[in-house]
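Subject: Handover of a structural model

Dear colleague,

Please find the model below for your records.

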Amino acid sequence: MAVKVLSDENENEVSSDCEGCSEENSKLQKPATDMSYKHVIVYKLVFTFLALHILAVYGIYVSITKAHLYTTLWAAAVALASSQGILLGAHRGYTHRAFKMTLPIEIIFIIFQTMSGQNHIYWWARDHRLHHKCCDTDADPYNASRGFFFSHIGWLLSRKHPMVAEKGKSIDMSDLEANKLVMFQRRYFIPMFLLICIFIPSVVPVHFWNESLWNSVLISFVLRYVMVLNMTWCVNSIAHMYGTREFDKRISARQSFFSNVVSLGEGWHNYHHSFPWDHAYPEFGRFGGLSTQFLYLLHRLGMVYDLKRASQKVVQGHSRKYGDGTLDPGFATVRKPSITDSTQFS
Ligand SMILES: [Zn+2]
Ligand SMILES: [Zn+2]
């Protein structure tokens with residue numbers, strides 16, 4: 001099981017494999033953002049998300065004052081698992097195919113991603129591939145050109161821009177359509193969501209340490225769900241607004257320390273948009289971000305393989321050509337992750 005370092009020679013493999021905000025794709029970024037367009041607000045969703053956020057704040061109060069400590073710890077564990085279902089499963093694994101997965105880890109990722117309640121993987125991956133392909137345009141589902149609120153949550157409270165539907169048809173989803181597990185989750189998402197995202201997380205504290213059902217629902221479902229949602233949304237909002245653009249100044253994605261902390265290592269977003277098929281981001285030091293460390297653990301256990309990595313030459317060349325000039329000269333050494341077969345990195 002190896003780390004696959006992709007260099008200039010196999011750049012074609014890279015571009016056909018995953019779509020990024022490359023020069024070619026920038027042709028698709030027309031028209032960019034029509035600020036005169038008014039999104040149609042879906043009030044049912046506005047009230048649902050508002051209620052969830054109010055209940056989540058109350059959930060913080062209950063977890064501090066009334067609930068059993070185990071309930072809060074359980075909710076944190078569910079949050080961690082569901083965040084990995086999104087970050088490693090839906091994002092790096094299924095959307096960008098940055099590594100290959102064995103059947104057991106696919107099943108685990110699908111369960112964890114369902115636990116996150118962020119719709120099914122097929123929907124998630126199509127929107128995210130479109131975000132990369134048509135970044136900062138009206139065809140980008142969470143277009144950051146419309147400001148913080150829209151890219152954070154507003155895109156979920158309104159009808160999608162017609163360009164999203166139009167350009168969405170051009171996204172190649174054949175790999176996921178051929179994946180029986182992904183299509184099973186898509187077909188049975190509602191019952192799976194009710195069972196895995198709401199019922200099981202809520203019933204465990206009631207059954208095992210006699211937590212009240214109300215406290216458990218508030219903390220293990222509502223608070224945990226809202227926190228992981230916001231953590232994910234920060235990558236679409238903050239990581240597209242604040243920070244440097246060391247690798248590509250043509251796109252809004254930034255190297256965001258804050259987003260990186262709250263999203264467990266997903267905030268080096270300018271790098272990610274430049275090399276979306278890379279299994280890890282240029283996380284600093286030998287501790288390469290929590291999600292990447294999980295990935296390396298899975299790699300050691302033989303559950304994931306063929307991790308893709310951009311070669312140093314490609315990264316530095318791209319940064320010299322398109323970056324904003326802020327790339328730390330020591331970048332090449334700090335980005336080398338601590339993995340047993342690190343000799344295979346260029
Ligand atoms: Zn992005
Ligand atoms: Zn991505």
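T33 is partly exposed, because 18 other C-beta atoms lie within 10 Å (a residue is buried with 20 or more other C-beta atoms within 10 Å of its own, exposed with 12 or fewer, and partly exposed in between, the C-beta atoms being placed from the backbone). The position of T33 is in the loop between α2 (23–26) and α3; helices (H or I, at least four residues) and strands (E, at least two) are DSSP runs, numbered from the N terminus. Leaving aside residues up to four places away in sequence, T33 touches T137, D138, N143, S145 and R146 (two residues are in contact if their C-beta atoms, placed from the backbone, lie within 7 Å). Between T33 and S145 there are 6.9 Å in space, C-alpha to C-alpha, although they are 112 residues apart in sequence.

This is a predicted model, in which local features need pLDDT of at least 70 and side-chain atom pairs count only at pLDDT 80 or more, while totals for chains, interfaces and linings use all residues. Residues are numbered from 1 along each chain as its sequence is written, and chains are lettered from A and ligands numbered from 1 in the order in which they are written.

For the protein chain overall, the secondary structure comprises 17 helices and four strands. Of the 346 residues, 47% are buried. Among contacts between residues at least 6 apart in sequence, 73% join residues at least 24 apart.

Two helix pairs deserve a description. Helix α3 (residues 43–65) and helix α12 (residues 213–236) have axes that come within 8 Å and cross at roughly 120°; axes are lines fitted to C-alpha atoms, for helices over the stretch in contact, and angles run from 0 to 180 degrees between N-to-C directions. The two helices, α3 and α12, are therefore oblique to each other (angles under 35 degrees count as roughly parallel, over 145 as roughly antiparallel, 65 to 115 as roughly perpendicular and the rest as oblique). On the α3 side, the contact is made by L52, H53, L55, A56, Y58, G59, I60, V62 and S63, and on the α12 side by N215, L218, I219, V222, L223 and V226. By class, the residues of this contact of α3 with α12 are eleven nonpolar, four polar and no charged (Ala, Val, Leu, Ile, Met, Phe, Trp, Tyr, Cys and Pro count as nonpolar, Asp, Glu, Lys and Arg as charged, and the others, Gly among them, as polar).

In the second pair, the axes of helix α4 (residues 69–95) and helix α11 (residues 189–209) come within 10 Å and cross at roughly 145°. Here Y70, T71, W74 and V78 of α4 meet P201, V204, P205 and W209 of α11. The contact of α4 with α11 has seven nonpolar residues, one polar and no charged.

Helix α6 (residues 121–133) is mostly covered, with eleven of its 13 residues buried. Among the buried residues of α6 are W124, D127, H128, R129, H131, H132 and K133.

Finally, two residues other than glycine have a positive phi. D136, with a phi of about 70°, lies in the loop between α6 and α7 (148–152). D136 is buried, with 22 other C-beta atoms within 10 Å. N210 has a phi near 55° and is found in the loop between α11 and α12. N210 counts as exposed because it has 8 C-beta neighbours inside 10 Å.

Yours sincerely
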